[in-house]
Amino acid sequence: MTLRKVNISILVAAVVIFLLVLHHNFLGLSDLLKRELTDSNPLGLQPIDFIPAAPQRLTDERNDREISVVIAASDERLGGAIAAMNSIYRNTRSNVVFYIVTLNDTVDHLRLWLRNTALKNLRYHILNFDPRVLEGKVQVDPQKADSIKPLTFARFYLPNLVPHAEKAIYVDDDIIVQDDILELYNTPLKPGHAAAFSDDCDSTTNKVAVRGAGNQYNYIGFLDYKKETIRKLAMKANTCSFNPGVFVANLTEWKLQNITKQLEKWMTLNVAEELYSRTLSGSITTPPLLIVFYKQHSSIDPLWNVRHLGSNAGKRYSPQFVKAAKLLHWNGHFKPWGRTASYAEVWEKWYVPDPTGKFSLIRRHPEAYEAK
């Protein structure tokens, strides 16, 4: 009789413990769902999709610390963003989470591409960028309404895109990474610096490929020094510019210095006063960054932004140099998904075919398109 009472007591205790564990897990799930459903912000940068965790076999192999990587993905260049993310993911064991900034009409296409290919294990947020954020800050030519690409300004709003991170990497969609992105993430930033860029004049890229570029790599190539507002800033016209297509941001410092508000201020002033130089037509994102970060930015390893592959200058690189580069950047008119870009075959190795068939790609080397 005593043994039976003991067994009943044990059974009751086990049931109570089970119910407590079940209740705890239910509360945790409830909190998680609440965070996912309420995560939005006033700038219209709202999360649409998120894969919360990679399969267990991958989490066992990869480091736990999250590395936030922000990339814009427009529909007409979506293949570029896909290849960039694939190259980053395949070359690291770190816990990379992509923050993919796009427009509403691209979301379904992007989601299908990510879920139905070899990229299905990526961790990501899809964020909708509201172009109304730019009203009054960008001058639109009525005859060239399509010349303004809203997503190019997504980099100005990093703290809104990655609100809980202390640090983030921003990359353009026309890049390929050939080394561990953790190294770029660990770039040391000097005290008081909110970002680290690759300077144009001193970069390995410039020394190897570009000579006689003149004003193209100085502040005077981006800003109109005839305007009094620019002259009052006392910035030297021959100051070396930097490339904002790849950079590391200290988001804590970014918020403390109100970098986004500063950038918006200069965008608005340009609409009123036309402060940007016309020497480099179409460059409307670089000038405000140059002003705000004048002598107030750190530097990244030049091999983490080997650029000009989208211009004739890229043809001057040797195959050995391209192989040694940690990040290749096809900035310029010629993109690797077209016919004429330099070293496009390197980009092709990381491209994952569009399962919908919508993305137009000129295939020169069909054997290179096997998904990696």
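In the structure, Val 70 stands opposite Tyr 170 of strand 5. The model is a predicted one, in which local features require pLDDT of at least 70 and side-chain atom pairs count only at pLDDT 80 or more, whereas totals for chains, interfaces and linings use all residues. Residues are numbered from 1 along each chain as its sequence is written, and side-chain values use heavy atoms, with hydrogens and water left out.

Strand 2 (residues 66-72) and strand 5 run parallel and are joined by three bridges; strands are DSSP runs of E with at least two residues, helices are runs of H or I with at least four, and both are numbered from the N terminus. Two strands are taken to pair if DSSP finds at least two bridges between them. Strand 5 also pairs with strand 8 (residues 242-250), here in the antiparallel sense and over five bridges. Within this pairing, Val 246 of strand 8 is the bridge partner of Val 171. Because four of the five residues of strand 5 (residues 167-171) are buried, this strand is largely enclosed by the rest of the structure; buried denotes under 20% relative accessible area, exposed over 50% and partly exposed the range in between, with a 1.4 Å probe and protein chains only.

Tyr 170 also belongs to a cluster of ring pairs that includes Phe 197, Phe 242, Phe 247, Trp 254 and Phe 293. Rings of Phe, Tyr and Trp (its six-membered ring) pair if their centres lie within 6.5 Å, and planes under 30 degrees apart count as stacked, over 60 as edge-to-face and the rest as tilted. The charged end of Lys 167 sits over the ring of Tyr 185, 5.1 Å from its centre, the criterion being NZ of Lys or CZ of Arg within 6 Å of the ring centre and within 35 degrees of the ring normal.

The whole structure contains 16 aromatic pairs. One of them, Trp 113 with Phe 359, has ring centres 5.8 Å apart and planes at 55°, and is therefore tilted. This pair links distant parts of the chain, with Trp 113 in helix 4 (residues 107-115) and Phe 359 in the segment after helix 13 (344-348), 246 residues apart. Trp 113 and Phe 359 are both buried. Phe 359 forms a further tilted pair with Tyr 351, at 6.0 Å centre to centre and 40° between the planes, and Tyr 351 is likewise buried.

Helix 4 packs against helix 3 (residues 78-90) through contacts (heavy atoms within 4.5 Å) made by Leu 78, Gly 79, Ile 82 and Met 85 of helix 3 and by His 109, Leu 110, Trp 113 and Leu 114 of helix 4.
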